[in-house]
Amino acid sequence: MPWAMVAVLYAFGLLGMSLVGVLSPLAGRVTAALGAPKEAIGLTIALFSLPPAIIATFGGSVIDRIGPRRVLMVAPLLLVATDLMLAMSPSIWLTDIAMLVAGFGYVGLVVAVPAALMNTLDGAIRARAMAFWSTHAPAGFSAGLLLAVPFTGAIDWRIAFLIHAGLVAVVLVAAGLLLPAMAVQPESGAQESAAVRLSRLFRAVREPAAVRLALATAMPNMISYGTSLSAVGYLSRMHNVSLAASATTVAAAKIAAIVFGGTVIGALLARNLPPRRLFVAVIVSGIVAQVLLYLPASPLPLAVAGLMLWLFSFGGQCGVCMAMMPALAQGDLKGGALAGFVNQAISIVSFLTPALYFAISGWTGFVALAIGGSLISLVALPTPRRADASPAR
């Protein structure tokens with residue numbers, strides 16, 4: 001049942017990122033209930049990205065040694081603990097701590113899931129699964145928006161986090177039943193020095209192709225995260241619609257476009273189409289999409305179409321990058337270490353993204369940032385050796 005396993009692993013990523021999606025539209029209600037200024041929620045959300053930004057590379061190497069299945073059974077419990085803390089929090093500082101705990105759970109999931117996919121799948125199905133997995137973050141944010149919408153009014157907002165905890169628990173039970181045993185990296189000889197062991201942990205940092213892949217993946221994630229943070233309020237303000245209606249529209253559009261984009265790109269890569277040619281096509285479409293989304297002259301239907309086109313482009317960009325990962329995870333560079341390094345790069349830019357996007361006041365700033373990030377990603381995309389270039393090995 002490979003696709004049942006992929007669905008469970010995807011659900012873990014979806015639920016991990018959906019915490020941010022739940023909290024974002026509830027920010028005003030949460031800060032008011034906790035007696036904190038509205039701007040305090042910016043730090044709260046940023047703390048979610050802090051653990052992945054610091055420990056993802058190290059964590060990936062550890063996962064190679066202990067196996068991803070163990071981590072996948074423990075990390076969701078941190079999400080459940082976070083939900084309970086958020087539901088009972090009497091102050092903003094405890095909310096901050098809760099999101100920090102969630103960040104540790106999330107880093108375990110986003111490193112262990114790609115390692116598990118590389119560990120258990122091969123060939124075309126692995127290429128498709130890796131491309132599909134690449135869409136989990138914005139799709140999860142959107143799922144969180146949909147979960148939060150009923151609680152933006154009079155209903156107690158704390159219930160949203162209790163529902164989220166229940167969903168995590170259900171997926172965790174399913175994972176326990178469906179996930180197979182997974183191989184671990186054998187221990188090195190007893191004579192290996194501590195310096196050599198430490199060097200192995202950070203092997204990805206010294207691999208140029210890994211650095212380029214991390215940068216190529218981080219840029220579209222930065223743009224996507226910033227678009228997620230800004231689009232709801234921007235469309236509500238520019239097109240005079242309610243915040244709840246805007247959030248619902250954005251969330252539905254995002255989930256449909258992102259999953260479709262990642263799935264289509266995975267299918268194309270499984271047919272051995274040139275990754276760089278696909279990447280150029282989705283980069284160009286993404287730049288056009290950002291202009292349509294933020295251009296003040298765009299009517300609401302055209303802006304939503306631009307958002308959907310951007311999200312299709314994002315799914316394609318990350319799908320190409322993730323499908324390249326198994327070809328680069330060779331020799332001393334194991335899958336967990338590479339996944340950890342790539343996710344650390346994503347988390348570093350994600351930690352900086354809220355402040356960057358909230359500082360932009362005009363539509364040209366959003367578009368310029370998207371163009372610059374897309375061009376950096378295009379230049380950085382590595383070209384694996386011809387023998388390894390196909391993700392369907």
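The structure is a predicted model, in which local features need pLDDT of at least 70, side-chain atom pairs count only at pLDDT 80 or more, and totals for chains, interfaces and linings use all residues. Residues are numbered from 1 along each chain as its sequence is written, and side-chain values use heavy atoms, with hydrogens and water left out.

The chain has 16 helices and zero strands. Helices (H or I, at least four residues) and strands (E, at least two) are DSSP runs, numbered from the N terminus. Of the 393 residues, 55% are buried. Buried means under 20% relative accessible area, exposed means over 50%, and partly exposed lies in between (1.4 Å probe, protein chains only). A contact means heavy atoms within 4.5 Å. Among contacts with a separation of 6 or more, 84% join residues 24 or more positions apart.

The interior was examined next. A nonpolar core is a set of buried Ala, Val, Leu, Ile, Met, Phe, Trp, Tyr and Cys residues joined through side-chain atoms within 4.5 Å. The largest such core has 114 residues. Leu26, Leu72, Leu117 and Met325 have the most contacts inside it. Helix α6 supplies the largest share of this core, 15 residues. In soluble globular proteins, nonpolar side chains tend to be buried together. Leu26 is in contact with Ala148, Phe151, Thr152, Trp157, Ala160 and Phe161, leaving aside neighbours within four places in sequence.

Ala75 lies in helix α5 (residues 68–88). Ala75 counts as buried because its relative accessibility is 5%. Beyond its neighbours within four places in sequence, Ala75 is in contact with Gly105, Gly108 and Leu109. Ser285 is placed in helix α13 (residues 275–294). Its relative accessible area is 18%, so Ser285 is buried. Ser285 touches Leu309 and Ser313, not counting residues up to four places away in sequence.

Empty space comes next. Rolling a probe the size of a water molecule over the atoms shows where empty space is left. On a 1 Å grid over the protein atoms alone, a cavity is a set of points where a 1.4 Å probe fits but cannot get out. A pocket is an open set with protein on both sides within 12 Å along at least five of seven lines. Lining residues have an atom within 4 Å of a point. Grid points are joined across faces, edges and corners, and a volume is the space filled by probe spheres set on the points.

The model has two cavities of 30 Å³ or more. The largest cavity holds about 300 Å³ of space. Its lining has 24 residues, and Tyr106, Ala137, Asn221, Ile346 and Ser350 lie nearest its centre. The elements that give two or more residues to this lining are α6 (92–120), α8 (136–148), α11 (208–239), α14 (300–328) and α15 (335–358). Helix α11 gives the largest share, five residues. The lining of the largest cavity divides into 14 nonpolar, 10 polar and no charged residues. Here Ala, Val, Leu, Ile, Met, Phe, Trp, Tyr, Cys and Pro count as nonpolar, Asp, Glu, Lys and Arg as charged, and the others, Gly among them, as polar.

The largest pocket has a volume of about 530 Å³. It is lined by 23 residues, with Ser24, Leu229, Ser230, Gly233 and Phe358 nearest its centre. Helices α3 (40–48), α8, α11 and α15 each give two or more residues to the pocket lining. Helix α11 gives the most, with seven residues. The pocket lining has 14 nonpolar, six polar and three charged residues.

The structure holds eight aromatic pairs. Rings of Phe, Tyr and Trp (its six-membered ring) pair if their centres lie within 6.5 Å; planes under 30 degrees apart count as stacked, over 60 as edge-to-face and the rest as tilted. Tyr234 and Phe366 form an edge-to-face pair, 6.0 Å centre to centre and with 80 degrees between the planes. This pair links helix α11 to helix α16 (residues 363–380), across 132 residues. Both Tyr234 and Phe366 are buried. The rings of Trp310 and Phe314 have centres 6.3 Å apart and planes at 45 degrees, so this pair is tilted. Trp310 and Phe314 both lie in helix α14, four residues apart, about one turn of the helix. Tyr234, Tyr294, Tyr357 and Phe366 form one aromatic cluster.
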